[in-house]
Amino acid sequence: MNKEWKTIINSIKSWIIEAGKEQVAKLEKTVSFSEKSAAIDLVTEVDIWTEKYLIDKIQSTYPTHSILSEETGSHEGSEGYQWVIDPIDGTTNYAHGFPFFCISVGVKYNGETIIGVVYAPKLNDLYLAVKGQGAYVNDRSLAVSNRNELHQALVGTGFPYDRATNPENNLDHFVNIVTKIRGVRRTGSAALDLCQVAAGRFDGFWEFGLHEWDFAAGRLMIEEAGGRTRAVPKERGYYVLAGNHAIFHKLDDLIHDTYK
Ligand code: IPD
């Protein structure tokens, strides 16, 4: 593997394992939070702490790299590398003590995602994908499932924070798809949902209005595990569809009107 990529992967792993320990420790105490775009869109003190911890590490180790992160946006660097960070994906889960949350870090080079790392500290799962070199969870190789019928498929989805006021809140698609499929799960962490597709546990995933930090790492995970993804930028964020090839196409047939 490219020596520079290897160094970056080692940095990410050591930093997110450290940050994850802190997230789990802070979970035992009372975590304070505030509201962002809506009363249901939260940011905790631990999102802010984790983001600052990671940005300080990146800026002191790789001062020329750019960063895009959920809570503080864009930090411009002078080189082709860009880090895309979600300090806690699944913030609502975290604030309620539900263990399905993670740190998601994608690294892009000249616009292409080359490394994706997703770490779920409470579940002890570290997912890694490297462009052209596969996807892994805790060093075990990942492959998407081969289930190809909707009635055999388990898929993930999510609903946007502006769901009470925005008609494109995914409820119509949910109602349609849930009647045709074995199961739909709404876990509350898009990054981890995408990892479940890469691991062959979920057969597909769709959600509208996501941000790059929610899916940069998970998308590479699926592609490196042999699956298919699409992220269409729209005014309210990205419309994301993913799955093994068969379920990707079958979900696409059911939701493609929304992408137009
Ligand atoms: C959210 C989670 C959730 C998805 C939301 C995301 P956050 O990220 O990924 O599953 O439905 O659209 O914003 O706010 O927990 O970082």
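Mentor: Happy to! Let's begin with the backbone: a polar backbone atom of Thr91 is 2.8 Å from an oxygen atom of the ligand. Keep in mind that this is a predicted model. Ile88 also takes part through its backbone, with a polar atom there 3.1 Å from a ligand oxygen. Glu207 uses its side chain instead, and a polar atom of that side chain lies 2.6 Å from an oxygen atom of the ligand. As for burial, the ligand taken alone exposes 380 Å², and the protein buries 95% of that.

Now step back to the whole shell. The ligand is surrounded by 14 residues, and Thr91 and Glu207 are among the closest, together with Asp89, Gly90 and Tyr161.

Strand 5 (81-89) and strand 13 (204-210) each supply at least two residues of the shell. Strand 5 gives the most, with three residues.

On the scale of domains, the ligand lies between domain 1 (3-141) and domain 2 (150-259), because both give residues to the shell around it. Finally, if you run a pocket search on the protein, the space taken by the ligand is the largest pocket.

Note on methods
Residues are numbered from 1 along each chain as its sequence is written. This is a predicted model: local features need pLDDT of at least 70, side-chain atom pairs count only at pLDDT 80 or more; totals for chains, interfaces and linings use all residues. Side-chain values use heavy atoms; hydrogens and water are left out. A residue is near a molecule or strand if one of its heavy atoms lies within 4 Å of it. A polar contact is a pair of N or O atoms within 3.5 Å; within protein, one must be able to donate a hydrogen and the other to accept it, and residues adjacent in sequence count only if both atoms are side-chain atoms. Accessible areas come from the Shrake-Rupley method with a 1.4 Å probe; for residues, only the protein chains shown count as cover. On a 1 Å grid over the protein atoms alone, a cavity is a set of points where a 1.4 Å probe fits but cannot get out, and a pocket is an open set with protein on both sides within 12 Å along at least five of seven lines; lining residues have an atom within 4 Å of a point. A molecule sits in a cavity or pocket if more than half of its atoms lie within 2 Å of its grid points. Helices (H or I, at least four residues) and strands (E, at least two) are DSSP runs, numbered from the N terminus. Domain bounds come from an automatic or database domain assignment.
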